[in-house]
Structure formats: structure tokens, C-alpha cells
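Please open the model in your viewer and have the selection panel ready. The stops below go from the chain interface to the ligand.

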Amino acid sequence: MNTATASFGKSLFELLSSMRFAISLLSILAIASIIGTVLKQAEPYNNYVIQLGPYWFQVFEKLGLYDVYHAAWFLVILTFLVASVSVCIWRNAPNFAREMKSFREQVSEQSLAAFKHKHEAVTAHSPESLAAQAEAYLTGQGYAVKRVARDDGLLLAAKAGKWNRLGYFLAHAAIVLICIGGLMDGNLVFKAQQLLGMKKIETRDIPQSEVPAISRLSPDNPSFRGSVQIPEGSSADVAFLNVADGYLVQDLPFTVALKQFRIEHYSTGQPKSFESDLEIFDRSGKKIREATIAVNHPLIHDGIAIYQASFADGGTKLSLRGWNLFASQAATFEVDGVVHQNTTLTSAAGDYTLEFTDFRPFNIENVGGEIDTGRDAMAVLGGSPVSDNKHLRNVGPSFQYKLRDARGQAREYSNYMLPMQLDDRWYMMSGVRETPNEAFRYLRMPLDASGSLDSFMRLRGALMNPDLRPEIAARFARQALPENAWNTEIEDKLKFSASQVLALFATGGFQALSGFIEARVPEAERDKAAETYLRILELSAFEALQIANRLDKQPPPAANDATGWLVRDTLNSLSDMFVYGAPIYLQLMQYDEVKASGLQLTRSPGKSVVYFGSLLLTLGVFFMFYVRERRVWIRIKPGHALLAMSAAKHTLDFDKEFAQHAQALDTLAK
Amino acid sequence: MEIALNQPAPLFKRLTWFDWLFAAIVAGGLLFALSRYGEFMDIYEKAILLAAIPSLAAFGWFWKPFRVLFIAVGALSLVAIGQYDGDLGRMEQAFLLKYLISSQAAIMWMCALFLLATVTYWAGLLARSDFLNRTGTAMVWVAVTLGFVGLMVRWYESYLIGPDVGHIPVSNLYEVFVLFCLITSMMYLYYEARYQARQLGGFVLIIISAAVGFILWYTFDRGAHEIQPLVPALKSWWMKLHVPANFVGYGAFSIAAMLGVAYLLSARGILASRLPKPEVIDDIMYKAIAIGFAFFTIATILGAMWAAEAWGGYWSWDPKETWALIVWLNYAAWLHIRLVKGLRGPMLAWWAVVGLFVTTFAFIGVNMFLSGLHSYGEL
Ligand code: HEM
């Protein structure tokens, strides 16, 4: 080795083992760790593109910021830390080990006299007798004492707290161990294989069985952490590992089957437990084991731990009744669907794809009411901790779907199966939103006295039907005018207005009416005009309901408040339909629920290493903090004693103890 | 001569009759709890309860005032349980419960006393009045007693709401804030007595008052004091160990930060003549960070073990986990800075103060701003 490399090696050694470098590393690691908590990790890459824009997306990707904690530069920092700790141990080991054994009895009198903590005493006792007493004293204080004869007297060299040094070894070696354990469970092997072109991330959305071998990991893979979703009654023999913008398929050495998934609820409706009844089969199909897992209660089989991680719908079968919202009739059609599958709907307006995305058997909603904290005098003391959950209610099943038109545009819908009571009236609710981050906006369709949508749909059909408009307008005008005004110009005018209002409303709801008013009526008269139009609309709608009932051979609607509300709600609902974005409404009639359980499967050989390291770390830290390393020397000569004390760390305890020893020496020397 | 030499006597000779009585009460009380409520515990929880007997006894022997605290909390909690007699409705009828020792009343008294103690300590500091300082100390003791009674009774109340709802009150932000106040003030009381440093009370109590402010806001604005059943992820005996260990860490780091403030003020000559000597402040700061670091290490390890059981991996780089690591690294750096000559003094004090921001972010900032797997409290 030439001198240049030797000196380079030496300065690297110096740097790595320097405390300032260690402090810098700890700080840098802390700061680097922040990044991954601020930027959400391992999201689908599309989300990042949307969030960052294409340019920064690429920069961030180059920097590995979507998986910071496995990025090369992060591993480099960690490697430096491990190197630094190792070099540090290497450097201190010989010294510390010697110190643990040594009493440092060679110390010279001059150097003792130069100690900051020293105390002298005169004595009438003989050196031997004082030494015996002092030795007994120090032993009593927990010191190991060595007595050495010196030419003119003797020296007591005492030490205590050698485990402090041991603590240093334990704690710092533990850091290395924990990092090694973590590395064993990391994805280094895969990264190497990926670099060598032996493995490749799969990014296509294809059936698992078609994923090629280059994107599959063998059952012998020593460490992995994957997940898989299994519907009730099905099984899986692979797990999926999310990597970067794709995934890998991990073949399992066994097959897991899900018999049943259960959710239990508290009386308030919050979930209480998630459990899966599993069966494990070996590769030949023989059942080896049955077990129930739950959150916090995994099953460990063949070195692979199986956890209850999540749940989802596993393909619930839905029977739906559909209405064509803009048709002039109230006719219905039937649709069957399965969650996670698609169906095509053919309509006059073109083809639609129905994508069923989810089904929920329960929905706990806060139905009205503010939280009232504390009711009486108790309020002063903070109110009762007993929560009243009277506003929380299970509003029953709901299902979600996307309706995609021929151009590929989709909106998402969420329909409740059961009616909901709002302001003392009952409605069917259907929510719609354009993007997943929005809240659903609800279309409320009123139920009639018999609790069905029929009246609403009938009235809706009648109002959409241009052929009925003359009759509606005529009946409205007759109802609105006294008999002597019939067949006059006023009646014609009224009929015309009613037809116009109905036609406008049927093309765009209230929005169309107000647009019309804004275009035609001077500003000062708009409010009045709006009121008039609304009145016309409501009364005409009531007539429309009469006609619709007659045509459908139903008894005429009662002229009461309930009908009034039905008409008003129908108008509101109809108006909302123009922004509902779908030409149909789907009502859930029946379902056959199939749940799926999300399992996480891990094999982590590094775990025991990490745990062992953690144990050492804990022990080491306690030894370093709570075993105080200190040394005492008492140099005794005839008539004179000198006490000196030192410690690696000076704390107030040390000063206190020194004072105590000094006082003890005085007492003994007397 | 032995007394003059301060020779330590063997442990068992140093114990007084009261020490033994205390140990007997601890053992009796916990064994009674085991026999009475054992059916609600799994094997691990029973083990934790049994291990608590020697731990609590040893802790009382180590820190004598704890014996009185323990007995007072136990007695008051039993009175409260007796008053309830299995009927939650008694909360609003029984005078004692309504105004003093139902969980909520006790916790509100705790809050009030902490605020009062803060004012008293500051008055004592400014007026150099030992009497006021002692009054502050007394208030903190009463506050701690009532706070623990509040938590114990809350534990009982949760089972009255429903046997399946009942759980140890360390499961949501509201409960852990109460725990934070209690642990922080207990640690402070220990240092205060050990270092004769009552003048520091005003500083430490500021951070406790801030927590009290949060509790009050959270109670009145959000109704967070309501007992809610546990989500499945939190139903684990690990919680009983992980959460308290964490809060020893948070509490200790907060104390250290406030002492850092005192140190820095005193270094600039502000209040210097009223505060303990800088070496003393520095020493307590080190002690606090040491115990905090040790417990935070344990808490993080326990958290990792729990995660391994609940989420399928001991380390997922979840934001809460990562921030725990950041806090831990921060104080590891602090401890090493202390070992470098020339970096001590104000630098360390500043670092401790900044550490409080890091700690606070890990404690509540993560819940407020970041999402992750930790589900015990969202703001
Ligand atoms: C995550 C990393 C580390 C942790 C958790 C850690 C932890 C600790 C702790 C708790 C102490 C005791 C401090 C005290 O008693 O006040 C300590 C002391 C020490 N550490 Fe570290 N340390 C780490 C990294 C390092 C590195 C990288 C070095 C090497 C440059 C180092 C060198 C030392 C030395 C020399 C001591 C003093 C031992 C003594 O004199 O008693 N540490 N460490």
C-alpha cells in the first residue's frame, strides 16, 4: 500500500469514527426520512403525474422519491451510518475492553495530584489500617478495589460501573444488527435481479396466470411482503407485491382458501372485529390446516405469516330495476350485475357501460343533529363521556357503479337500497360525482303514500311527454279560472303560458325557466314572474298527475298536503335530473352478498435479528445511562491520604458522590 | 460511624413498614382486580397485570411519594366505583360523582389545578416566594391524583357503557393528552424534589397548560371526551405497553425543552438570579432526555412488534413510525453532541427546544397533516 492510500484510509477512518460525523449522519438521516412522510409513498404513478406535472414527475422519479426508503441514496446514508458505528466500535473496543479490566493502578502520584476532583486528609492511622477501612468503605459503595503496595505506603485503585462500557458495545452493535436485519427483509435481492435483467416489474392489468415468469418470484424467495384478496369460497396460491408503478407475483408454497369473512359490529354500528376462516392446502391439494385469523391475530404457516389486512366486496350479485329517466313512460327494465364486473346498456342515446364497483351492506350515517356537549350543570365539568349516538343510524345497503358513455367518460353513482327519511318525508337517494375526491351530490326521489316510486315515475313520465301538454294546460287553465272566464282570451293566454312553462321545464328544469325569465323579463319584475311561473308549474304538475293516474288506471291523487309535497319534490328531483348526468336510475331490489378478505402475507427472516438487536439496544441504552462508570484512587502514605476521582461523564451525581467520599475519607482518617 | 459514612444498607433493611404496607396494598389491589375482572383479560393482559405488582412496588420504594399517590388514587377510584354501583346514570345524580370524581369531573379539576399551579409557580418565581412555590407543588400533586382517578374511573365507566366497549383509557388523543399531563408532571415532581428546583415549575407547567388547553378545546368543541369503542386494530394488549412507554418519552422531551428555555433565558441574564444554576438545569435536562430516550427506544420497539402482529411487518415507514424514528434520531444526536467538547451549553439547550417541535409534530402533527395506518386519533 502506498502512503497516499494509507493516509486516505486513515483519514476515512478518522472521519467515520468522529463524533461530529456521527451527529451529522443522524441529522441527515432524520431530515431525509421526512421526505417520505410528506410525499405519499408508493401511490399509482398517475397520481404523481397529476399532482406534480410531467416535468417534476420525472425529476422526482429519478430521485427515487416515490419510494424514498428504498432509494439508493437513502441506502447509502444508512450504509454510512452502519460503517460509522462499526468503525467507532472497532476504534473504541480495545480501549474500552482494557478499561473494563484495568484498575489503572499504575497512575502516578503527580497525575493524581493534578486531578480536578481530589481531596487530601491527614491521618494518625497507619497506612494499613486506613487502607483496610477505606477498602471496606469503597467495597460497601459498590466498587471493586485493588490494593497495590507503593514504596512509601500503598495505593487503593477502585472502579465501579464497568457495565457502562458494555452498554456502549451492546447499543452500538445493536444498531448494526438492526440494520442488517432490516436489509435481510428489504428488497435488495430483487433490485439486484432487476438490475441484471433477471426480473421485471409487471405493469399490465392481466390475469395473474398470464403473468410471465420474469415477473414471478419463486416460493423459496426468502423474504417478501405481499397481499392478496380472496372472495368467499375461493382460494389463492399467489400474493402480489407492489413495486414502483407495477407489481410482482409471488408464488406461495401453499394455497389459501377463504371459507368465510365476518365483520362484527358494536351496537353503535362501528366495526368491532374482522375475521377470516381460512383453510390451507398443500400443492397437491391436500388440506393441511384450518384457522381463523383476525386483526392482531395472524396465522403463521410454513414461516409465512398471514394477516387480516383489509376487506372488500368479493363479487356480490345485484338484481336491479331500471328506469329511463327521460322517457315519457314509467316503464321499467331489469338488470343483473356482479360487483367488479361490467354490463353493457343499450339505449337510444347510445351504448353505456355499467361498471359495478362496490356494494356495502351497512352504511352508518350521521342523520342530522349537532354534537351537544354537556346538558346541564355537568357542562361546567365537561359533560358526560357517555356519547349519545342517537344521530348515528344504519341506513342500509348501498351499491356503487360507474356509468361510462361511448366516449369513455364516466361518472360514479352510489345508490341506497332503502328509502331515507328527510324532513319527515321518504325518498330514494342516488348520489353522483365526477371524480373520486368529490363528495356525492344526491338526487332525492319522493315516495308516494304506498311507499313506492310509482307516483313519482308516473308524474315524471307525464311531464316529459309532449303529447300530454295540451291536455295538462287545458285542465290547468280551467282549474285556475272562474267559469265565466272559460273560452275567453284569458284562458288561451293561460293555456299558452302553461304549455310554455311545461315545455321549458321538460328541457332543462328550473334552470331553463330562470334562464328564460332572465332573457325575457325586465329585472324589476323577475321575482314576480318567477313566482307566477312556479305556481303555474306546480298546479299544472298536479293536473299532470291526475292525467297520469287516469292513464295508468290508478285512483286519482288525493288533494292533500302529501300530494302537494309529492308534486313539489318531483319537480325538484326532475330539475336535478338534468345535472344527474345519467339517463337512467337503477334501484337495488335484491342482492346476494359475497365478501372478500384482504390478506397480507409476509416472510421476514430478518425479524429475529431485528428483535435481538432491539433487545441489545434496550439493554445497552440502560447500561449507558444508569450504570455510572467511575474510578477512585486513594494514595495512602504515613500520616497523609490523597483521594482522587474520575469518571467518563461528569454529572451532578458525580460531584455529590465525590463530596461524600471526601467526607468519608476525613471520617476514616480521624 | 456507618451513618456518617453514608454506607448503603442492604435494600431490605432500608425498607420501612410503610414500604411493606404499600407493597401489600399494591399486590392485594391488583390481585383483587385480577380475580374480579380476569374474565375480561387475555393471558398477556394477565401477565402484564402480574408484572405490574413488583414494578409498582419497586417504583414506590424508589420514589417514596408515589406510595401515597397510589393509595390515594386507588381509594378515590374505589369510592367512585362504589358510588356508581354499576349504574352509569348515577353520574348525574350522586353528588360526589357529579362534582368531583366521575371521570370527566376529575379530569376537569385536574385541568383547573394545572392552570392554577402554572400561575402560582410563576408568581412564586417572580416573587421569590418559597411558599408560593410549595403551593404550586401541592396543586400539581392534587392535580395528578385527580387526573389518575379520572383515568381509572373512565376505565370503569367504559365497561359500564358495554362490556365489549370497555378498554384502558389510552386509546385516543383525548385520553393520551391526559396521560401526557400526568406523566410529565410526575416526572417533573420527581426532579423538583431531587434537585430542590421548584423555580422550574413555571416553565414545565407551561407545556402542561398547553396540553390542558388542547384537552379543553377538544372536549368542548369536538366532544372528544366521549368514550368510543375500539377499532379492531387497537384491540391488543400491546397498546397497554406501547402507549404509556411513548408518553414517558414525549413527557421527558417536553420537560427537557422547557428546561432548555429556562437555560437560555438564564444564560442571557433573564431571571438568572431566580433560577437554579445553569449546571443544575443542564443536568436535569440530560436526565430527562436520557430517560425519555430510553423509554422512547422501548416504545418504538414495542410499536414495531405490535405492527408486526397487526399489519404484517415490523416496519412499514408509515408516517407515524417514521416520525418516531426522526424524534429518536434527533435525541440520539443530542446525546452525542453532549459528548463533544465545545458543543455543549446553549447549543444543547437550543437543540432541546427545537426537539420539542419535532416531538410535537410526531405526536399530533402527523395525525393532523399526514395520513397513515395509525388510527387512534384524527383531528
Ligand atoms: C443510531 C445511532 C446511534 C445511537 C442510537 C447511539 C446511541 C448512543 C447512546 C444512547 C449513547 C450514550 C450517551 C450518554 O450516555 O449520554 C452513546 C454514546 C456514544 N456513542 Fe453512540 N449512538 C449511535 C451512533 C453512534 C455513532 C455512529 C458513533 C460513532 C462515531 C457513536 C459513538 C458513540 C460514543 C463514542 C459514545 C460514548 C460512549 C461513552 O463514552 O460512554 N454512536 N451512543
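What follows is a list of selections, with what is found at each.

**Before starting.** This is a predicted model, in which local features need pLDDT of at least 70 and side-chain atom pairs count only at pLDDT 80 or more, while totals for chains, interfaces and linings use all residues. Residues are numbered from 1 along each chain as its sequence is written, chains are lettered from A and ligands numbered from 1 in the order in which they are written, and side-chain values use heavy atoms, with hydrogens and water left out.

**Stop 1: chains A and B.** Colour the two chains separately. In contact (heavy atoms within 4.5 Å) are 78 residues of chain A and 84 residues of chain B. The two chains bury about 6,500 Å² between them, 64% of it on carbon and sulfur atoms; buried area is the accessible area (1.4 Å probe) that two parts lose on being put together, summed over both.

**Stop 2: A:Lys272 and B:Asp164.** Show both side chains. They form a salt bridge, with N to O at 3.0 Å. A salt bridge here is a side-chain nitrogen of Lys or Arg within 4 Å of a carboxyl oxygen of Asp or Glu. Three salt bridges are counted between chain A and chain B.

Stop 3: Helices (H or I, at least four residues) and strands (E, at least two) are DSSP runs, numbered from the N terminus. Select H2(A) next: it gives the most to this side, with 11 residues. By type, the residues on this side are 36 nonpolar, 31 polar and 11 charged. Ala, Val, Leu, Ile, Met, Phe, Trp, Tyr, Cys and Pro count as nonpolar, Asp, Glu, Lys and Arg as charged, and the others, Gly among them, as polar.

**Stop 4: the ligand.** Centre on the ligand, which lies between chains A and B. Which residues are the closest to it? Of the 24 residues that surround the ligand, they are A:Cys88, A:His172, A:Lys649, B:Tyr286 and B:His336. A residue belongs here if one of its heavy atoms lies within 4 Å.

- A:Lys649, with a side-chain N or O atom 2.5 Å from an oxygen atom of the ligand.
- B:His336, with a side-chain N or O atom 2.7 Å from a nitrogen atom of the ligand.
- A:Arg165, with a polar side-chain atom 3.0 Å from an oxygen atom of the ligand.

**Stop 5: H7(A).** Finish here: H7(A) provides the largest share of the shell around the ligand, five residues. The shell divides into 15 nonpolar, seven polar and two charged residues.

Technical notes:
A polar contact is a pair of N or O atoms within 3.5 Å; within protein, one must be able to donate a hydrogen and the other to accept it, and residues adjacent in sequence count only if both atoms are side-chain atoms.
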